[in-house]
Amino acid sequence: MTTLVLDRALRILDQLSRYDARGLALSDIARQSGIPHPTVHRLLRDMVAARMVAQLPDGKGYVLGRLTFEHGLAARARHDVAPLFATHLRRLADATGYAAYLFVLSGHEAVCYDHTNMQRLDPPLTVTVGGRRPLGVGAAGLALMAAQDDALVEAALQAHAEVLGRYGGLDVPALRTLVAQTRALGYARSGGCLNTNTAAVGHAVRDAGGRAFAAVSVSTTQARLTQREAARLAALLRAEIVEIEPRVRFRWSDGEALR
């Protein structure tokens, strides 16, 4: 029983982490997590009391709580790789005038660890720090997926087969094609799956063991991302990654501390 309760609480936290910017209603949490509505209601009550979850002022939604944030701060010193990339993201943004993102591999997902916070971005930022996406969605997620071995690619495709349609009508065959195209190009190019006006170029970053654990992307509008511009952005990404990878002295693993 204790294991079941823990599993359900973690599933609720996982759902909230995906929608924390606007929060989730109780009914949405129940539907997306597959947990019965009365059980979600009971667990949320206990998690709010424990400060793991907070209820929005209007009472219509829930977000991650302050204690969850504090736990993240405590773990940051051992798991945060964003400082390795910060200077390079800024250089990419300065060189292009576009938004630059860092995504990191997390199971079958890609998580935004950092982005440039430039003024008057066009298009605006499409994801916030902490935002999660299925592996393969967006240029960074696609670059990360294409750099994995075929077994992990297939596992990720099957894990997210039912939700890919939310991202511009993606499906498993289409994503397989995009993976093949990315491997042939040497970088990822995506557009329209997250925002009809957004397009991006992404490139994977490898750890000390040669495994792709992160990806950096540069995002602009679809009209601006011509074939020539995509190639220019890919070259800029490669130049930064050539400097980043020698400084990555760890092997990435979800179960291990980096420091």
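Leaving aside neighbours within four places in sequence, which residues is phenylalanine 85 in contact with? With contact taken as heavy atoms within 4.5 Å, phenylalanine 85 is in contact with Leu102, Val205, Phe213, Ala214, Val216 and Ile244. The structure is a predicted model, in which local features need pLDDT of at least 70 and side-chain atom pairs count only at pLDDT 80 or more, while totals for chains, interfaces and linings use all residues. Residues are numbered from 1 along each chain as its sequence is written, and side-chain values use heavy atoms, with hydrogens and water left out.

Phe85 belongs to the largest nonpolar core, which has 58 residues, and together with Phe213 it touches the most other members. A nonpolar core here is a set of buried Ala, Val, Leu, Ile, Met, Phe, Trp, Tyr and Cys residues joined through side-chain atoms within 4.5 Å, where buried means under 20% relative accessible area, exposed means over 50%, and partly exposed lies in between (1.4 Å probe, protein chains only). Strand S3, residues 99–106, gives the most to this core, namely 7 residues; helices (H or I, at least four residues) and strands (E, at least two) are DSSP runs, numbered from the N terminus. A second, separate core holds 18 residues, among them Ala9, Leu24, Tyr62 and Leu67.

We can turn next to the strands. Strand S7, residues 198–206, pairs with strand S6, residues 188–191, in the antiparallel sense over 4 bridges, two strands being paired if DSSP finds at least two bridges between them. Along this pairing, glycine 191 stands opposite alanine 199, and alanine 188 has glycine 202 as its bridge partner. S6 has a covered face, made of Ala188 and Ser190, and an uncovered one, made of Arg189 and Gly191, whereas S7 is mostly covered, with 8 of its 9 residues buried. S7 is also joined to strand S8, residues 212–221, by 9 bridges, and these two strands run antiparallel; one of the pairs sets histidine 203 against valine 216 in S8. In the hairpin of S7 and S8, 5 residues lie between the strands, and glycine 210 takes a positive phi near 90°.

Why does histidine 160 count as buried? Histidine 160 counts as buried because its relative accessibility is 10%. Not counting residues up to four places away in sequence, histidine 160 touches His108, Glu109, Pro134 and Leu135.
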